[in-house]
Amino acid sequence: MKFGFDELFFSRTDSRGKIKSGNTVFQRVSQYSWDELLGKPHNTIRHKDMPRGVFWLLWDQIRKGLPIGAYVKNSSKNGQYYWVYAIVTPIENGYLSVRLKPSSAVFEGAQEQYQALLQAESDGDLTPAKSAEILLASLNRLGFRNYQSFMTQGLISEILARDRMLSVETLSTVRFFHELLLESGKLLETATRVTETYHSFRFVPLNLIIQAGQLGNTGAAIGTISNNYSLLAEEIRLGLDGFFEAAKKVSDTICEGAFLLSTSIIQQEIAEVFAGEAKTSEIDHACEMAHLDRQRGLYAARAVENLVNIQRELEEFARGAAEIKRLTLGLAAIRIMGKVEAGRLANSVLNDLITDLETFQQTLSTGMTEILSLNSALWQHTGQLLDAYGDDTKVAAA
Ligand SMILES: Cc1cc2nc3c(=O)[nH]c(=O)nc-3n(C[C@H](O)[C@H](O)[C@H](O)COP(=O)(O)O)c2cc1C
């Protein structure tokens with residue numbers, strides 16, 4: 001069923017998913033008359049190729065009062081199909097779904113995942129909840145940390161792809177959020193690498209202490225040095241746990257912000273589209289317009305609030321990173337003392353252990369330098385985003 005990249009459509013339901021209203025594109029694409037749509041459950045347009053796990057996730061989110069984005073294949077009355085990227089949000093006494101035509105690489109990946117999931121559902125007689133679990137696991141394997149990360153990257157990619165199709169310049173806020181998503185992904189990767197390095201070297205200081213003990217009095221100095229190293233390494237471990245959590249928070253908040261902002265942009269556009277559509281007797285135009293306007297305002301305000309949260313999370317994260325960097329420098333000083341002492345004792349086992357410490361130190365130090373530079377890039381882009389946000393909202397308000 002045909003609809004263009006320039007067309008957006010929406011439907012609004014009650015709290016059980018019965019269709020209350022929509023716009024003319026929604027009705028046209030479905031090929032049902034308004035009489036056949038209004039008051040009917042939304043599964044009227046369900047396509048048999050849609051895995052049940054996707055709808056389970058959708059309802060699970062919206063019943064919690066949370067927004068969700070999902071790729072959905074629908075069926076029109078004469079049996080043709082059409083794909084949409086739908087943003088479903090809770091609204092007064094029900095839910096609102098705004099849809100756009102998808103075409104990005106994320107969409108291609110989603111279609112493959114759905115096919116595999118549909119097969120798994122028919123092979124395994126899965127419950128919808130189990131099917132949703134399998135979908136999350138396969139998204140994980142594709143590199144998406146959770147469903148939120150998948151739906152956000154999907155939405156941003158669809159907006160970028162759609163703007164390209166329509167030869168429209170993408171709003172700078174969307175472009176900056178796209179950058180932020182990429183950078184926060186790298187930040188998490190580096191934070192994971194640094195944390196894993198710590199774990200793979202965690203027994204070295206202990207082995208040094210054991211070696212020093214075996215050397216008796218001659219090993220006393222190296223024993224003390226190793227003890228100090230162990231204590232500092234333990235402090236780093238505690239710091240790294242908090243630091244990793246902070247990196248995840250930064251990433252989650254950026255993801256949430258990107259979704260809220262993109263949602264508010266699409267909601268803004270559907271309000272404009274609907275305002276320009278011919279009125280039909282079946283739909284109370286003024287009432288729908290008020291719903292769309294409220295929703296657009298709500299999500300724009302949430303997006304602004306989120307920017308402030310991102311800055312707070314980044315500050316917290318930068319503090320943790322600076323503290324680890326400081327502890328790493330202390331570690332370097334102790335390690336040098338150990339190296340001198342091991343050299344004096346000319347003990348090859350000690351020397352090997354000190355070399356391990358050097359590798360550990362080096363990886364930690366390089367990782368922290370990368371993290372601090374990513375952090376400052378994130379700072380810079382958040383600042384640009386705040387400026388751009390002011391500009392884009394001025395455009396939207398004009
Ligand atoms: C606002 C809103 C919009 C929805 N849009 C669609 C849609 O476009 N296509 C669809 O198949 N299901 C849609 N659903 C989900 C349906 O309510 C239903 O869960 C789904 O069609 C699966 O139906 P089934 O459980 O009877 O198989 C929507 C739900 C809500 C709340």
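A salt bridge here is a side-chain nitrogen of Lys or Arg within 4 Å of a carboxyl oxygen of Asp or Glu. The model is predicted. By this rule it holds 21 salt bridges.

Select K73 and D49. Their closest N and O atoms are 2.7 Å apart, a salt bridge. K73 sits in strand β3 (residues 68-75), while D49 lies in the loop between α2 (34-37) and α3 (52-63). The pair links distant parts of the chain, 24 residues apart. Colour by accessibility: K73 is buried at 10% relative accessible area, whereas D49 is partly exposed at 27%.

Move to helix α5 (residues 128-141) and pick E133 and K130. This salt bridge has its closest N and O atoms 3.1 Å apart. The two residues are three apart, about one turn of the helix. E133 is partly exposed at 47%, and K130 is partly exposed at 37%.

Next, select R162 and E269. Their side chains meet in a salt bridge at 2.6 Å, N to O. R162 lies in helix α6 (residues 147-165) and E269 in helix α9 (residues 220-276), so the pair ties together parts 107 residues apart in sequence. R162 is buried at 3%; E269 is partly exposed at 24%.

Salt bridges that share partners join K48, D49 and K73 into one network.

Last stop: cysteines. How many disulfides are there? The count is zero. Select C255, which is buried at 8% relative accessibility. Then select C287, which is partly exposed at 31%.

Technical notes. Residues are numbered from 1 along each chain as its sequence is written. This is a predicted model: local features need pLDDT of at least 70, side-chain atom pairs count only at pLDDT 80 or more; totals for chains, interfaces and linings use all residues. Side-chain values use heavy atoms; hydrogens and water are left out. A disulfide is a pair of cysteine sulfur atoms within 2.5 Å. Buried means under 20% relative accessible area, exposed over 50%, partly exposed in between (1.4 Å probe, protein chains only). Helices (H or I, at least four residues) and strands (E, at least two) are DSSP runs, numbered from the N terminus.
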